[in-house]
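Me: Hi! I have a new structure to get to know. Could you walk me through it?

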Amino acid sequence: MNKQDDKKRVMPKLRFPEFQTTLGWEASSVSKTCKSFSGGTPNTANKHFYCGKIPFIRSAEIALEKTELFLTEEGLNNSSAKMVNKGDVLVALYGANSGNVALSKIDGAINQAILCLQHQNNNAFLYHILSYNQEKIVNTYIQGGQGNLSGEIIKSIKLPFPSPKEQQKIADCLSSIDELINLREQKLTALKQHKKGLMQQLFPSHNDLQASKQASKQASKQASKQAIVYPKLRFPQFKDCEGWEVVRISDLLVEKKRPVKLENETEYCLITVKRRHGGITLREVAKGKEIKVQSQFRVFADDFLISKRQIVHCACGVLPEELDGSIVSNEYSVLNAKENVNITFFNYFCHQPIVEKSFLDCSSGIVIEKMLFKLDEWMKQEVYFPKNPKEQQAIADCLSSLDKLINEENEQIGRLKDHKKGLMQQLLPKIQ
């Protein structure tokens, strides 16, 4: 081989020992190294084409093990939909998922929004190098991050390929990390499902509450008769204790307003409540003169915060110790627990469907994005609650321990993904 040909070859930063003295990788177009095809969509008006047994993979489902739609043999045979095999490389061409790459986890049919690639040597290696270069491909061929790719664009891309043996070695290395990530993600999903199921058992349901109220009315005409509810699952030490009483939220929490006079040169920690159980995080550190909303309140650890404008997403939570002394704007309601109310328990209590619904019931607005939370109305809402602080603590400890395991799994997954990313940067070259 002459020196000019050798210059055209690509050398990764890191190679396995047995390949360190071999030639560099040679670039070749996807069309020359892969068999490729797209599919089609059967006529949606024909009911005989759907509800069969053939998974119909759409662009948002290329990495999933199941699909929402299924085709019949008649639908497949009377359309441009084409079958792909488990392990084929799938590239999403259209829409929000444009540029996404995955190895198909199932045998199924694809539509026109997906390009299937079958590499002549190693599909797994092709997937990894396309995935590694996904951002480059999207930025090059989709202007401003919006638009569509086409099969012709993908097939024209030149990718560097080593020998089949080196492809296999790299694919085995990266795929083994993917397997570890997948196992961790399965464990994470199982932990989240376990927590969800446990909460359904530890907290009485809306039906339990309604049935208790009805029974209370039938048993006595006295207005003071208290409705009692019982959760389906109780820790042994509380099985013989009285049931949970129906109380108003105002019996549990009290609003706290601690106005802060902003000093121009003083730095303040501004915090925000993330959407949908995302917790409370530091938004930024800013000097007083840089803060646009001047009406600020001081918040302390164990304050319960509610975002008035994101209430549809259940944006509420307890302030962690590390953010003690921060400030929030008047777009947040700040509340404290009353005596014999465990705020950690109340935080879990608030993220059940019946209580989440109460947030929406006490909101108003033309559209979701402009909904405003009416704190006074919410404080009048009736909920079931255990009077015994020890039972509150036991439930909070149980769910907190699960959250700790969930957080640990998230961290492990993050570390594995970072490790894989670092390896890919060493083992795989970027496309030109």
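Reply: Happy to! Let's start with rings: those of Phe, Tyr and Trp (its six-membered ring) pair if their centres lie within 6.5 Å. By this rule there are 15 aromatic pairs here. This is a predicted model, where local features need pLDDT of at least 70 and side-chain atom pairs count only at pLDDT 80 or more, while totals for chains, interfaces and linings use all residues. Residues are numbered from 1 along each chain as its sequence is written, and side-chain values use heavy atoms, with hydrogens and water left out.

Me: Which residues do ring pairs link into a cluster?
Reply: That cluster holds Phe203, Trp244, Phe304, Phe345, Phe346, Phe349, Tyr384 and Phe385.

Me: And which charged end sits over the ring of Tyr132?
Reply: The one of Lys430, 4.3 Å from the ring centre. A charge counts as over a ring if NZ of Lys or CZ of Arg is within 6 Å of the centre and within 35 degrees of the ring normal. Lys169 lies over the face of Phe16 too, 5.5 Å from the centre of that ring.

Me: What about helix 4 and helix 12, how do they cross?
Reply: At roughly 95°, with axes that come within 11 Å; helix 12 is residues 389–427. So helix 4 and helix 12 are roughly perpendicular as well. Here Tyr127, His128 and Tyr132 in helix 4 meet Lys420, Met424 and Gln425 in helix 12.

Me: Last one: are helix 7 and helix 12 roughly parallel or antiparallel?
Reply: Roughly antiparallel, the label for angles over 145 degrees. Helix 7 and helix 12 pack at about 165°, and their axes are 10 Å apart.

Key:
Phe/Tyr/Trp six-rings, centres within 6.5 Å; stacked < 30°, edge-to-face > 60°. Axes fitted to C-alpha atoms, helices over the stretch in contact; angles between N-to-C directions. Helix = DSSP H or I, 4+ residues; strand = E, 2+ residues; numbered from the N terminus. Parallel < 35°, antiparallel > 145°, perpendicular 65-115°, else oblique. Contact = heavy atoms within 4.5 Å.
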